[in-house]
Amino acid sequence: MLLELKNVSKIFGSGCNNCLPETGEQADRAICPVCHSVVAVNDVSLKVKDKEILGVVGESGSGKSTLLQLIFQDQPVSEGTIFFNGIKDREGNNCNILELPPARKAWLRNHEMSMIYQNPHLGLNFNFSAGGNIAEKILGAGEKRYEVIRDQALYYFGKIEMPRSRIDDYPDNFSGGQQQRIQIAKALSSSPRLLLLDEPTTGLDVSVQARILDLIKALQYEMGFSMIVVSHDLGVINHLTDLTLVMKNGSLVEYGLTDQILEDPQHPYTQLLVSSKL
Amino acid sequence: MSYVAIKGGAEAIRYSKDFFHSELDDAKSISDQSLVKGLRYACDRVMSEGALYTETLAAEAIRKTGGDLLEAAFYVRAHRSTCQRIGSAEPIDTNQLRIKRRISSAFKDIKGGQILGPSCDYVIRLFSSLKSSDNTEAPLFEETDIPNIRVESALTPLRRDDRVAMLENEEQSPFDVTRSFPLPPYPRSAVMQIMARGETGSLLAFGYTSMRGYGDVHPTIGDLRLGEADILFTHPFTGNRVKIGSIRVTACETVGSFNPDPKDGKLRLAVGYGFCFGFNETKAISMSVLDLAMSHKGYSVGGQAIAANPEIVVHHVDAIESMGFTNHFKLPHYVTFQADLQVLNNARKNNDDR
Amino acid sequence: MTTDNITFGFFDEDAKKEIRRAMLKAVALPGYIVPFASREMPIARGWGTGGLQVTLSLITDKDQLKIIDQGCDGSVNAVNIRDFIVSVTGVEETTATPDATIIQTRHRVPEYPLSENQTLVYQVPYPEVLTTVEPDTARQKEMHANVDYAKLWVLLYEDTAQFGDSRISSRYPVVVNNHYVMDPSPIPKFDIPKLSDNPALQIFGAGREKRIYAIPPYTDVKPLKFSDREFAIEDFSGKACERCGSEDVFLDEVHLDDGVHFFCSDTYHCDTHLKEDRGAA
């Protein structure tokens with residue numbers, strides 16, 4: 001198993017003992033009626049295997065983006081445990097990565113995982129050139145030879161079908177679609193095991209969207225990393241993923257093969273989602 | 001019975017003003033001469049921030065305000081509004097100053113020499129005097145006429161070598177911020193005028209952000225000069241060029257990092273310029289650092305730094321304005337505050353009901 | 001008030017103790033930046049108050065003091081600081097590098113090799129090497145803790161990609177004891193190799209930013225550099241000091257009416273080299 005989440009929750013606010021039982025799917029709300037905290041992710045457990053592609057759908061506010069941020073540790077988890085790729089503690093037991101020392105957490109983020117954000121300002125440093133952004137990830141993974149870094153940056157820049165001559169340009173000088181491509185090059189340059197994508201094509205032109213999705217799919221096939229794709233767009237989920245997970249009010253309401261979920265949704269909320277989108 | 005202070009303030013204000021003036025009665029006995037000569041740096045600040053070169057009125061303003069230099073500059077600004085404009089003098093070339101002090105930290109020695117002149121840079125700030133080898137009884141400096149030293153900027157050799165980026169002159173004639181206020185993109189001449197009139201402390205604070213890491217790090221002072229500049233004017237009737245006086249000024253050129261020049265892609269050093277009335281090195285240096293940050297891109301690609309943002313600098317360095325606005329909060333605001341309270345009460349009620 | 005009631009070394013003893021404690025911690029953690037309660041000095045911030053505080057809390061009446069600025073004993077700021085320290089301690093001053101027990105410097109490491117009984121005190125404007133890439137203090141601390149210097153490396157990458165080498169001229173980042181990356185104060189790249197494996201204790205004082213850090217004797221110090229790139233120092237090949245004829249030293253470039261001239265930046269080196277030449281002739 002590459003990634004395993006067990007009973008993971010995220011509460012924004014003071015939090016109380018009523019937060020989890022009083023919110024989520026059954027309660028049909030995400031705000032705790034007692035302490036008014038927002039429960040963004042409520043007791044979610046899931047597994048991702050090697051080379052597997054998991055889609056996460058749900059309306060805005062359902063907690064799907066927060067779930068990604070918890071896995072990438074952009075946000076601290078309130079409750080629960082996360083295991084990753086057999087990482088063990090000193091006693092040889094599978095180790096909750098949330099309890100790793102900061103340097104090892106950084107290592108996980110630099111080597112093993114990458115995130116592509118909807119907003120390129122979160123994923124790219126606009127003070128660094130396109131090449132510098134890719135180099136940052138390669139450097140973070142420990143490479144200290146300039147020629148190797150430059151060659152790799154150019155290699156991944158080529159992978160995203162950008163002309164080499166533009167590698168020293170700054171992100172501001174690229175279009176929105178190109179900025180997403182640079183994010184992809186940066187994310188993949190450390191050869192991660194797991195790629196997290198948060199609405200990677202939302203807000204882009206439809207034709208640009210399709211090309212970026214094809215690019216991601218081709219690279220995944222070639223490099224063989226696992227992915228978790230968050231999107232409110234069932235078209236994106238259908239195009240990219242094998243398995244799908246449906247979230248509502250922070251809870252997981254349905255999980256299964258993507259085809260099955262889109263063809264024959266079981267949960268009333270998924271049925272609503274599918275009927276309104278297709 | 002308590003009383004409600006609604007109106008009837010006229011008398012109270014008169015008493016308050018009288019009280020204020022009587023508190024400063026002792027200032028009346030300070031002569032113009034003591035202020036202009038003895039407290040010359042105070043006068044310089046008042047002229048510079050008041051944006052009018054007038055030593056006697058600066059002295060008068062300092063007396064009237066009990067030494068509150070911002071208030072004094074405010075008097076000078078207000079007076080400035082009453083002055084008729086006869087015409088524009090010729091631009092001053094600060095290469096042509098009669099130098100009293102000129103240093104460059106970029107070079108050990110320079111053409112014309114490092115002229116320390118009068119400076120408190122190396123004064124030990126202790127109330128007592130220290131035992132020291134050079135602490136002799138006789139004064140070292142005898143008042144002599146300042147010789148007519150004129151030297152080119154220490155950066156001129158680098159300019160001749162084409163190692164300094166020259167900004168395009170994009171303006172037909174300089175903007176005049178006293179006649180209209182610029183809209184973005186702000187012409188450089190307008191930004192420079194606003195800074196030359198700006199308050200020392202404000203320029204210093206914004207310039208310091210750039211020096212401390214929020215922008216182009218570590219400027220080098222290429223040429224800092226204090227001296228007298230002749231003011232030349234074309235006589236409106238005779239048409240002759242005449243010298244109508246001379247003023248003491250400070251000018252500073254600061255070197256930043258190098259970058260590809262947008263003109264031709266060649267690598268050149270970026271230079272910023274600062275200038276103000278009177279002797280005020282802190283102000284001229286700060287201004288040159290801000291000009292450097294705004295007019296050139298240094299290490300800080302993207303230009304989000306405070307000091308590189310003309311929008312921030314243009315609207316926040318004039319302390320006559322910021323002081324006025326800050327103090328206006330002492331005016332009654334009970335109508336707006338009562339409205340605020342109503343909104344608070346309604347919101348609380350709404351939340352409590354929920 | 002007269003100077004008679006100023007204590008030896010200007011500070012009260014408690015202030016000196018606090019500064020010494022910071023120095024001890026700095027020595028124990030080579031390259032780590034230690035905050036201290038920087039005192040207001042009678043000279044302005046940015047003029048060497050950090051170095052001055054370090055010197056004043058180390059100095060004893062047996063010390064021999066040398067102060068240089070840009071390598072020069074006669075530079076105005078050096079003279080001024082020396083006069084001040086001598087007036088509050090009465091210690092002996094010297095310009096001879098080998099005779100000095102404490103050398104306070106701005107922007108240079110002396111040309112003459114240092115020895116074990118010497119302390120080199122640097123005046124530091126920017127103690128934090130990460131300032132250029134991350135101005136936020138809390139983030140900087142986190143990055144040091146994680147030995148996360150990727151952003152500095154990216155800066156190096158960008159300059160190498162666009163200009164062939166780093167654009168950093170002075171204050172070149174160094175890795176101390178294979179751990180912390182440190183700002184060596186604005187010394188030229190020419191002096192960076194002298195930091196490593198130096199028999200003298202090197203202490204860095206930043207008064208305005210209230211930080212002290214150190215390189216203990218015989219510590220490994222390396223410039224931050226790609227492993228497949230040479231670290232290039234300032235090149236003076238083909239040039240020599242016009243006064244004493246020295247080569248292989250750092251030279252000042254002076255523009256005068258009759259053109260560009262080169263002289264030793266280290267005035268003690270220049271004087272001694274001149275004497276040796278005359279002695280030999």
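Trainee: How much area is buried between chain C and chain B?

Mentor: About 3,200 Å², and carbon and sulfur atoms give 60% of that. Keep in mind that this is a predicted model.

Trainee: How many residues does the contact take from each chain?

Mentor: Chain C puts in 38 residues and chain B 33 residues.

Trainee: And how many salt bridges are found across that interface?

Mentor: Three salt bridges are found between chain C and chain B. One of them joins K108(B) to D252(C), with the closest N and O atoms 3.4 Å apart.

Trainee: Which elements of chain C give two or more residues to the side that touches chain B?

Mentor: Those are α3 (76-89), α5 (150-163) and β11 (251-256) of chain C. The most comes from α3(C), with seven residues. By class, that side of chain C has 18 nonpolar, nine polar and 11 charged residues.

Trainee: Switching to chain A. How is chain A divided?

Mentor: Into domain 1 (3-116 + 193-277) and domain 2 (123-192). Their C-alpha centres lie 26 Å apart.

Trainee: What area do the two domains of chain A bury between them?

Mentor: About 1,700 Å², with 63% of it on carbon and sulfur atoms. In domain 1 of chain A, the residues that lose the most area to domain 2 are N110(A), I116(A) and L215(A), together 29% of what that side buries.

Trainee: How many salt bridges cross between those domains?

Mentor: One salt bridge is found there. The count of residue pairs in polar contact between the two domains is eight. On the side of domain 1 that touches domain 2, the largest share is from α7(A), with eight residues.

Methods: Residues numbered from 1 in each chain as written. Chains lettered and ligands numbered in written order. Predicted model: local features only at pLDDT ≥ 70, side-chain atom pairs only at ≥ 80, totals over all residues. Heavy atoms only, no water. Contact = heavy atoms within 4.5 Å. Buried area = accessible area lost by both parts, 1.4 Å probe. Salt bridge = Lys/Arg side-chain N within 4 Å of Asp/Glu carboxyl O. Helix = DSSP H or I, 4+ residues; strand = E, 2+ residues; numbered from the N terminus. Nonpolar A, V, L, I, M, F, W, Y, C, P; charged D, E, K, R; others polar. Domains from an automatic or database assignment. Polar contact = N/O pair within 3.5 Å; in protein donor to acceptor, adjacent residues only side chain to side chain.
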